[in-house]
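Hi,

Here is the structure I said I'd pass on.

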Amino acid sequence: MLRVFGKALRLPVRTALAVRRRPRLTSFVVLAVVAGAGLGVWWYAGTQWRAAQQALKQERPAEARERLAVCLRVWPRSPEVLLLAARAERLSGDLPAAEARLNRCLELQGPTDAVRLEFLLMRVQSGEVDELTPVLIDSVEKGHPESPVILETLARAYILQLRYKPAFGCLSRWSEVEPENARPHHWRGWVLERLNNPKAAKENYHRALELNPDLVPVRLRVAEMLLEDKQAPEALPHLERLSRQVPDDPTVQARMGMCLFLQGQAQEARRLMEAAAAHLPNDAPLLVALANLELQEGRAAEAERWLRAVLAADPSDTEALFVLANALQLQGRAQESAAVLADYERKRTVVDRINDLLKDKADSPTAGAADYAEIGALFFQIGRAKFGVYWAERALERDPENPQAHEALAAHYEAKGDAARAAAHRARRPPPPAPPGPEPKP
């Protein structure tokens, strides 16, 4: 019974029951809405999970991380989600974040085989490739379900160290494990180029395109190789298809401009290449092509500007040095031109020697400390200090007293202002030979 202004008010029985039941109905509606919202969130997280898996398969770890962040908010204690997030972080180069995810997996379910494997792959990516390759290859030969991931990680680690022969071996095994996957053929083509085998590289690129015609990087590289060989008509169909696939890609626009330049369409070539250069300020092939266009039109000073930009980023670019010598000669600066041409000849000889050593000696059964020390010293000569340090240290692993490696590293650290490291390497050099004594008297 209700009271209004102090008076009792009787409601019909049906109305009173409705008043009593309304809270239950409201609660039911609220629960239904909440349940529906929960199902919606769960469904959305599921779509993000599948998209993240696909992104990793297509070499887009940054995208995978963004999608997995959604999944982790919904399933923060899922070892499966944490493990995939660790892999995405590892492939993005964020090893501390990957390690934290894996440690969380250990807390939730202990040291499973999947977590152990991801820890091993993280160590490989950190540089422990030689130590861990035997056990990982053994897992592959025993049919491990993650064999493609293992072989990809090993190949990537070898490539980063410029060790193309073992990288090629891993990629070949990967193509056997997954014969319908285009990626090992793509990577094999890249490695074969570094091993100075462009014919076999093209065959692998074409096989990758047979398996996946939409692979933009592979088709672009095929077009670039054709342009390098001055085969513009053959490159044009590839570039036209790429222009339809990725019309706003500045690299595709740059290569189309370079193609048109080779075919004598200078005005349109300039428009495309200059527009692309605004987005690709360090694209050496593009800037060298622009320099050649300037030279063709009699603007040697403008050509020099493009070439100086290339050499500021990579002083060992021999093509840029050669064209720069021509640009200086056309400006009447014969002495400077001669000096640049001499630098070109020296660096071309060094680069050719490095390529020969990487192809024929590195990671071969006959390779020794002297070979690796020579590779390191040559890299230092052309300003590629990162690789110089790597190969000099590999020489010292084989011979801790190798004088050439110690000398190269000492000079490197002195130039960097690291006197302590320089002194440590100088102290390990063998003493100079004693001067010859007096000749014996007859």
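Which helices each supply at least two residues of the lining of the second largest pocket? Bear in mind that this is a predicted model. The answer is α1 (13-57), α3 (79-91), α7 (147-160) and α9. That pocket holds about 990 Å³ of space. Its lining runs to 33 residues, with Gln53, Leu56, Lys57, Gln58 and Arg183 closest to the centre. By type, the lining of this second pocket splits into 14 nonpolar, 12 charged and 7 polar residues.

Now for the largest pocket, where the space comes to about 2100 Å³. Its lining takes in 50 residues, and Arg194, Arg221, Glu228, Asp317 and Glu319 are the ones nearest the centre. Several elements give two or more residues to that lining, among them α9 (183-194), α10 (198-211), α11 (216-228) and α17 (318-330). The largest share is from α18, with 8 residues; α18 spans 334-360. Sorted by type, the lining of the largest pocket has 25 nonpolar, 18 charged and 7 polar residues.

Last, the cysteines. I searched the whole structure for disulfides and got 0. Cysteine 170 has a relative accessible area of 6%, so it counts as buried, the cut-off being under 20%. Cysteine 259 is buried too, at 0%.

Cheers

Note on methods:
Residues numbered from 1 in each chain as written. Predicted model: local features only at pLDDT ≥ 70, side-chain atom pairs only at ≥ 80, totals over all residues. Heavy atoms only, no water. 1 Å grid on protein atoms, 1.4 Å probe; cavity = no way out; pocket = protein on both sides within 12 Å on 5 of 7 lines; lining within 4 Å. Points joined across faces, edges and corners; volume = space filled by probe spheres on them. Helix = DSSP H or I, 4+ residues; strand = E, 2+ residues; numbered from the N terminus. Nonpolar A, V, L, I, M, F, W, Y, C, P; charged D, E, K, R; others polar. Disulfide = S-S within 2.5 Å. Buried < 20%, exposed > 50% of the residue type's maximum accessible area, 1.4 Å probe, protein only.
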